[in-house]
Amino acid sequence: MQPEERADFIRMLSVSARALVEEIRSQRTLLAAEKGELAVESTDCDSLEAIEDAVAACQAFGFAEDKHVAILPCAQSILFQTDAALLGRILINMLKNALEAAGTGTAVTATCTVSTPGRIRFSVHNNTVMPDHVRAHVFQRSFSTKGSGRGLGTYSIKLLAESYLGGRAWFDSAAGQGTSFHTDFALTRAASRTSNEMAGSVNH
């Protein structure tokens with residue numbers, strides 16, 4: 001095996017190992033949530049940092065291979081209180097679901113905004129459109145178009161958001177618009193800036 005081949009092989013093993021560990025953690029969180037055994041620990045959380053961490057995790061786990069993930073410039077840095085670990089799990093599942101649906105070479109976008117007074121919304125979008133027969137079942141446990149044993153991601157999004165973080169989870173899908181998954185939560189504390197403004201403050 002040539003050095004280049006060895007390096008590629010080691011990289012693939014590393015990515016696979018990280019993805020396996022992530023899947024195990026996800027399953028443990030889901031099982032604990034279904035049993036009512038998750039403890040919610042609210043701390044200050046920055047919405048933009050939460051999205052950035054979730055995107056970085058998806059890239060490290062190999063979920064975004066051959067696809068592009070972009071955080072929209074309108075994404076806001078909003079300080080609010082929530083369980084950062086559970087929010088991270090929700091955002092990773094939202095991104096992973098969008099990446100699995102998106103075609104090779106296509107883009108998935110993510111953003112966070114103050115949606116209505118007192119609410120913060122996270123959204124993840126891809127350009128595919130769900131068939132009607134899929135939409136009615138998308139949040140059901142283990143329902144999936146990808147084969148047996150899949151489909152826990154969207155179920156977990158709704159379970160964690162609504163049963164543990166006091167939020168809402170929903171989606172919209174239409175021809176010409178693609179599919180977006182959304183979650184929103186009560187905004188208890190806020191100080192918002194767009195991601196472009198944050199970049200500007202770093203550069204000066």
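What share of the contacts in the chain with a separation of 6 or more comes from residues 24 or more positions apart? The share is 75%, where a contact means heavy atoms within 4.5 Å. Welcome to a predicted model, in which local features need pLDDT of at least 70, side-chain atom pairs count only at pLDDT 80 or more, and totals for chains, interfaces and linings use all residues. Residues are numbered from 1 along each chain as its sequence is written, and side-chain values use heavy atoms, leaving out hydrogens and water.

**The whole chain**
- The chain has six helices and seven strands; these are DSSP runs numbered from the N terminus (helices H or I, at least four residues; strands E, at least two).
- Along the sequence, their pattern reads α-β-α-β-β-α-β-β-α-α-β-β-α.
- Of its 204 residues, 42% count as buried (under 20% relative accessible area, 1.4 Å probe, protein chains only).

**A closer look at strand β5**
- Strand β5 covers residues 119–126, and six of its eight residues are buried, so the rest of the structure largely encloses it.

**Partners of β5**
- Strand β4 (residues 107–116) runs antiparallel to β5, joined by seven bridges; strands pair if DSSP finds at least two bridges between them.
- Within this pairing, A110 has V124 in β5 as its bridge partner.
- The hairpin of β4 and β5 has two residues between the strands, and G118 takes a positive phi near 85° there.
- Strand β7 (residues 178–186) is also antiparallel to β5, with eight bridges, and its S180 stands opposite H125.

How values were computed: Buried < 20%, exposed > 50% of the residue type's maximum accessible area, 1.4 Å probe, protein only.
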